[in-house]
Amino acid sequence: PLATPRRKELNKEVNEYYFDNVFKEESTTHQIYTEFVQDIVSSVAKDGINGAIFTYGQTGSGKTFTMQGNDADGGACGIVQLAAKDIFNSINSELSGTECSVKVSYLEIYNEELRDLLASDPTSACTPLAIYGNCVKDLSHVTVGSFEQLMEVFRKGSSKKAVGSTKMNLRSSRSHTVLKIAIDKNDGKENVKVACPNKGNNSSVTITTSILNLVDLAGSESARLTGATGLQKEEGGWINKSLLTLSEVCKKLGQKNPGHINYRDSKLTHILKPSLSESGQVAFICCISPSSQYIEVTRSTLQFAKGAKRIHTWAVANDALVRIDSSSMAAIRLEVEELKLASKSMSTAFEEIFALKEELLHLKAEQSKLTQEHSKLMQEHSILKEEHATSKEECSLLKVKVASLENNAKRVSSMPNTMF
């Protein structure tokens, strides 16, 4: 559909933009996912085709909410939650006869440094990672067996993200984040027997590995509008630099003869080169503000989307023929079964953890209530104590007066009766 054109104030030039979808303010994340993202996720889970989803736009325009949802807002789901549900629904239903393994990694790019958000060691989490080829060295990969486990890993990583408060956003992302979900599939069917010298008969199996990258880009921002100073201004500079590089890369990828494309100008484009230029599917969700105050930033976002739409990729399944001897095959199958049992045990453990968390919240609420009651009783006790002290003082004064009256009475009674 044709997006609403904007007129430039000076030369009255009309800019026209064509996109696959245009969503209104009242559109829900679930609607965006269903119409724009779900087919890509389905191709990753079922067909073994790589996919990447990006959220792009100015700070405060709703990118992170669209991608990650908001647990505090009644459990509002984002692209991450909806995609994870579909992946495990596909594995548990349509791929029930297939051996599957799901691994998750989660990193952020902060001031052009790569940080592992799933690192168990706090020191390692702050140590910049290096890139070899298009891979990140020493990046943590966590195997998950259910939607709940994936969400637990996701929440753990999200709690370590770099965020800050600006005039445009109370909780502004200060880094780009990439959540990678890798799916390995083996249908368990042995192909042609292959004779190998000294090793007997070997079998070959087809292993399919597909990757879904969910990329939440930090917002492009102007220091004039955000009021950023010091470290925040430096962070904004790095963010804008990497977004400019991404824009240039997307622009060149849309050209017939792009020539050399320098992905290494930014860590963001360096690690996402396979998603942007190779055999996969890619989609950009560009968020804009309806405010006329940000019209220039909105126009810049639309120009980026226009360039990104011209990118051409080739969707091909990532199948690999692997030769393996029968004894190793049996060992692998046994290991898969053990992992499935461990996954079920972990699911039960997660359910128990969630139940304990709910019980803990209930106990905390009870504790808060008891604390309030205790505080009230202490206040009442303090008031009664003050009243008792006052009464004690008054009683002492009365005793003094009574003693004085008794003395006066004795003195009067001891005086001789005198007749005047």
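**Notebook: cavities and ring pairs**

I looked up the lining of the largest cavity first: Ile 109, Tyr 110, Asn 111, Glu 112, Arg 174, His 176, Trp 238, Ile 239 and Ser 242. I am working from a predicted model, where local features need pLDDT of at least 70, side-chain atom pairs count only at pLDDT 80 or more, and totals for chains, interfaces and linings use all residues. Residues are numbered from 1 along each chain as its sequence is written, and side-chain values use heavy atoms, with hydrogens and water left out.

**Cavity search**

I searched the whole structure and got 2 cavities of 30 Å³ or more. A cavity here is a set of points on a 1 Å grid, over the protein atoms alone, where a 1.4 Å probe fits but cannot get out; lining residues have an atom within 4 Å of a point. Points are joined across faces, edges and corners, and the volume is the space filled by probe spheres set on them.

I noted a volume of about 40 Å³ for the largest cavity. Which elements each supply at least two of its lining residues? They are strand 4 (99-110) and helix 7 (230-253). Helix 7 gives the largest share, 3 residues. Helices are DSSP runs of H or I with at least four residues, strands are runs of E with at least two, and both are numbered from the N terminus. I sorted this lining into 4 nonpolar, 3 polar and 2 charged residues. For the sorting, Ala, Val, Leu, Ile, Met, Phe, Trp, Tyr, Cys and Pro count as nonpolar, Asp, Glu, Lys and Arg as charged, and the others, Gly among them, as polar.

I then turned to the second largest cavity, which holds about 40 Å³ of space. Met 67, Gln 68, Val 80, Tyr 106, Phe 154, Thr 177, Val 178, Leu 179, Leu 214 and Asp 216 line it. Helix 2 (63-68), strand 11 (176-186) and strand 13 (200-216) each give two or more of these residues. Strand 11 has the largest share, 3 residues.

**Aromatic pairs**

I counted 5 aromatic pairs in the structure. Rings of Phe, Tyr and Trp (its six-membered ring) pair if their centres lie within 6.5 Å; planes under 30 degrees apart are stacked, over 60 edge-to-face, the rest tilted.

Phe 54 and Phe 284 are stacked, at 4.6 Å centre to centre with 15° between the planes. Phe 54 sits in strand 3 (residues 50-57) and Phe 284 in strand 14 (residues 280-287), 230 residues apart. Are these two buried or exposed? Both Phe 54 and Phe 284 are buried, meaning under 20% relative accessible area with a 1.4 Å probe, protein chains only (exposed is over 50%, partly exposed in between).

Phe 284 also pairs with Phe 304: the centres are 5.5 Å apart and the planes at 80°, so I logged the pair as edge-to-face. Phe 304 lies in helix 10 (residues 295-308) and Phe 284 in strand 14, so this pair ties together parts 20 residues apart in sequence. Phe 304 is buried, as is Phe 284. Ring pairs link Phe 54, Tyr 56, Phe 284 and Phe 304 into a cluster.

**Helix 10 and the whole chain**

I checked Thr 298, which is also placed in helix 10. Thr 298 has 4% relative accessibility, so it counts as buried. Beyond neighbours within four places in sequence, Thr 298 contacts Gln 58, Ile 288 and Ser 289; contact means heavy atoms within 4.5 Å.

Last, I took chain totals. The chain has 11 helices and 15 strands. Of its 420 residues, 37% are buried.

Methods. On a 1 Å grid over the protein atoms alone, a cavity is a set of points where a 1.4 Å probe fits but cannot get out, and a pocket is an open set with protein on both sides within 12 Å along at least five of seven lines; lining residues have an atom within 4 Å of a point.
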